[in-house]
Amino acid sequence: MRVLVVEDEPRLAGAIGEWLRNDTHAVDVVHDGAAALERIGVNDYDVVVLDRDIPLVHGDDVCRELVEDVSGARVLMLTAAAEVVDRVTGLRLGADDYLTKPFAFAELSARVHALGRRSRPAAPPVLRRAGIILDPGRHEVFREGRLVPLSKKEFAVLTELLRADGAAVSAEHLLEKVWDEFADPFTGAVRLAILKLRRKLGNPPVVETIAGVGYRIP
């Protein structure tokens, strides 16, 4: 998934970003509301982790913009304000979930996963196609009963290909969903990940290249 973290405390923002990247998400991090609105206008996010009390543009106003944009991004609002009235206000603004500080990173991760599932069309818990079984919960991949060890990027790329259910997935889509904003589209990162994925999945080859379109698992 593509996640935007909006948090004005740099150390906490960095820790959240690192934790979510370890969960194979593509994560962008900003420290104020103006920067958040700029990124939201450019990138298609599945989930926005939004600190409520941020400089330049308040988190409430960022949340309103996200709701009005109808982009499909889900909002997890973070705040030190733990009173019921604060949580109710945040949810009425359009936030999909609300987590108070301090929080456990494992809970934050679980909530991001849950919101990500809601931001996309429903998919089965275990993805199956062409003899491949991918279990997101266990982070395991099997092909014809053989365990296939994959890196986090390879696992995320394969997830996107399987979710497409036979349709072609563009390199641009894979860059957006698997890498973060610092990925250079001209580095060949997607092509390299596809090559490694093909090698690890073995024969017969299962990932097809559709010239000028992208990649698919038919």
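1. A word on terms before we look around: two strands pair if DSSP finds at least two bridges between them. Helices (H or I, at least four residues) and strands (E, at least two) are DSSP runs, numbered from the N terminus. This is a predicted model, in which local features need pLDDT of at least 70 and side-chain atom pairs count only at pLDDT 80 or more, while totals for chains, interfaces and linings use all residues. Residues are numbered from 1 along each chain as its sequence is written, and side-chain values use heavy atoms, leaving out hydrogens and water.

2. Do look at the open sheet: its 4 strands come in the order β6-β7-β8-β9, with antiparallel pairing. Because β6 (127–129) and β9 (146–147) stand at the edges with a single partner strand each, one side of each has no neighbour in the sheet.

3. Between β6 and β7 (residues 132–135), which run antiparallel, there are 3 bridges. Leu127 has Leu134 in β7 as its bridge partner.

4. Helix α6 (residues 152–163) lies across β6, β7 and β8 (140–143), at about 115° to β7. Axes are lines fitted to C-alpha atoms, for helices over the stretch in contact (heavy atoms within 4.5 Å), and angles run from 0 to 180 degrees between N-to-C directions.

5. Elsewhere, helix α2 (residues 33–42) packs with helix α3 (residues 59–69) at an angle of about 15°, their axes 9 Å apart. That makes the two helices roughly parallel (angles under 35 degrees).

6. Which residues of α2 meet Val62, Glu65 and Leu66 in α3? They are Gly33, Ala36, Leu37 and Ile40.

Methods:
Parallel < 35°, antiparallel > 145°, perpendicular 65-115°, else oblique.
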